[in-house]
Amino acid sequence: MKTVSRNGRLIENTTNQEKYLKLLYGTLIGRAALKVLTIPCLSKSAGFFLDSRPSSLLIDPFIKHNDIRMSDYIPKRYKSFNDFFTRRIKPERRPVDMSEKSLVSPADGRISVYKIRKHSVFSIKNTKYTLESILRNRELAKEYENGYFIIVRLSVDNYHRYCSADNGKILEYHRIPGVLHTVNPIANDYFKIYKENSRTYSVIETENFGRLIQMEVGALLVGRIVNNRHHGTLKKGREKGKFEYGGSTVILIAKDENVIIDNDLIVNTYAGYETLVKMGERIGTGK
């Protein structure tokens, strides 16, 4: 999918990462390699290396290759590549819209918004999904019929910590193991990514948006979704957790009677565009 800014400007996003993924997912040899790359133990082995001191040699080339503006981040001497990858941003670089009625993006990334129609069937990149298959919970899926499915897809150059979209209390927490495909839309042409990938989700009783589901989805060579312990309570804009190396995704699932999604995000999605957003930026309002 192509990407646009909130003001409608088209953003060039044909990156080396996407060219590599087309090769990996779009060829017989590449898909054969995926049978190995998506094994969780391999992802854990990669994570072990990325936690090691020798992996810090990858940091400078990664910064240059992805044109990362390090002045946005809190200065630190990094002990490993994962230490760098989960770097903390300066708070002033990610201001959070603290208006009571503003629903904010939980992460940096490219956002798509889908209406959940009757029977909870919807399409992402020409692949059909159901809420039941994603949540593995029929009754919970039924509760969100006619609501919104909001995808925030991160790429490797994004900030990989994520926050809470509102104040609230965690009612349920679930972890679903799975294989670790990339979350880039290219992969969706070949695999049901959001159904198969490792993921965690929380059912949250929020102050302003009713019962909201926030889900974190792992990706290729990301063995760890690290959620902070909040003793059951969340604060809007406060860090909820982080992803270790790779592109990943945060999903919000909201009820129609509780939220109004910003119209530009819906229009862009149905026109075939993802919209670039920052963590803490308003993406909708409460009713």
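This is a predicted model: local features need pLDDT of at least 70, side-chain atom pairs count only at pLDDT 80 or more; totals for chains, interfaces and linings use all residues.
Residues are numbered from 1 along each chain as its sequence is written, and side-chain values use heavy atoms, with hydrogens and water left out.

Okay, the sheet. Ten strands make an open, mixed sheet, ordered β2-β1-β17-β4-β7-β15-β11-β10-β9-β13. Strands here are DSSP runs of E, at least two residues, numbered from the N terminus, and two of them pair if DSSP finds at least two bridges between them. At the edges sit β2 (10–11) and β13 (233–234), each pairing on one side only. β13 runs antiparallel to β9 (residues 168–176), over two bridges, with K169 opposite T233.

Now look at β18, residues 282–286: three bridges join β3 (residues 102–104) to it, antiparallel, and V104 faces R282 there. β16 (residues 259–261) is also antiparallel to β18, again through three bridges, and I260 has T285 as its bridge partner.

On to charges. With a salt bridge meaning a Lys or Arg side-chain nitrogen within 4 Å of an Asp or Glu carboxyl oxygen, we get 17. R282 turns up again, in a network with R6, D262, D264 and E281. Then there's K287 with D256, closest N and O atoms 3.8 Å apart. K287 lies in the segment after β18 and D256 in the loop between β15 (249–254) and β16, so this pair ties together parts 31 residues apart in sequence.

Terms used. Helices (H or I, at least four residues) and strands (E, at least two) are DSSP runs, numbered from the N terminus.
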